[in-house]
Each structure stands twice: as C-alpha cells, then as structure tokens.
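Please look at the structure before reading on.

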Amino acid sequence: MMLYKFTFQLIESGEKEKLKELLRERLIECGWKDEMKGYCRALTRKRGRADVTLDELIRTITPKGRSSVPDSVKAELLQRIRSFLLSAAL
C-alpha cells in the first residue's frame, strides 16, 4: 500500500517525469547513450541486421545497459527520490 501511495504521489506531482528527464540528461552527458548505441550497432553488424529482432536486441543489451549506468548517476537519482519521499512525508 505504501509503495502504491508513493508511486501515485510521484506521478501526480510530476516528479516522475522530472526524474526520467534527469536520467536521460545524465546518461547522455556521461556517454552511456552513445555507448549503448554503438553496442547495438556492433551486435547488428555481427549477426546481420535481418537476423536480429528487437526483442533479442533488448534482451541482449538490457543487462549490459543496467550494469553500465555510472554509480554517480544512480546516487544522484536515489538522492532525489529520498528528498521527494521526505518532502512528501511532511
């Protein structure tokens, strides 16, 4: 129940969209987006563009993508979420 309330507050306040935009900005700034794009291109070249489905590409790059997000980006987002939780609790 508590998670549902928090999620609802995130959405209603517009904070969820702000967090998503911050994440996008930070991933672009640190080169993560370009790295993932290059990884996808290399994978499709290796296997052949016609032989790689979108589902397969997503399954292949998701673990690498998640593990390669810089700790500083994760920490910044976590801090923003904590701040939101504290302000919402007041």
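**Terms and values**

Q: What share of contacts between residues at least 6 apart in sequence joins residues at least 24 apart in the protein chain?
A: The share is 70%, where contact means heavy atoms within 4.5 Å. The model is predicted, so local features need pLDDT of at least 70 and side-chain atom pairs pLDDT 80 or more, while totals for chains, interfaces and linings use all residues. Residues are numbered from 1 along each chain as its sequence is written, and side-chain values use heavy atoms, leaving out hydrogens and water.

Q: Why is α1 called roughly perpendicular to α5?
A: Helix α1 (residues 2-13) and helix α5 (residues 71-89) pack at about 95°. Angles of 65 to 115 degrees count as roughly perpendicular (under 35 is roughly parallel, over 145 roughly antiparallel, the rest oblique). Therefore α1 is roughly perpendicular to α5.

Q: Which residues make this contact of α1 and α5?
A: Helix α1 supplies Phe6, Gln9, Leu10 and Ser13, and helix α5 supplies Ile81, Phe84, Leu85 and Ala88.

Q: Why is Tyr39 called partly exposed?
A: Its relative accessible area is 30%. Buried means under 20%, exposed over 50%, and partly exposed in between, with a 1.4 Å probe and protein chains only. Tyr39 is therefore partly exposed.

Q: Where is Tyr39 found, and in which helix?
A: Tyr39 lies in helix α3 (residues 32-47). Leaving aside neighbours within four places in sequence, Tyr39 is in contact with Thr60, Ile61 and Lys64.

Q: How many of the 90 residues of the protein chain count as buried, in percent?
A: The buried share is 21%.

Methods:
Axes are lines fitted to C-alpha atoms, for helices over the stretch in contact, and angles run from 0 to 180 degrees between N-to-C directions. Helices (H or I, at least four residues) and strands (E, at least two) are DSSP runs, numbered from the N terminus.
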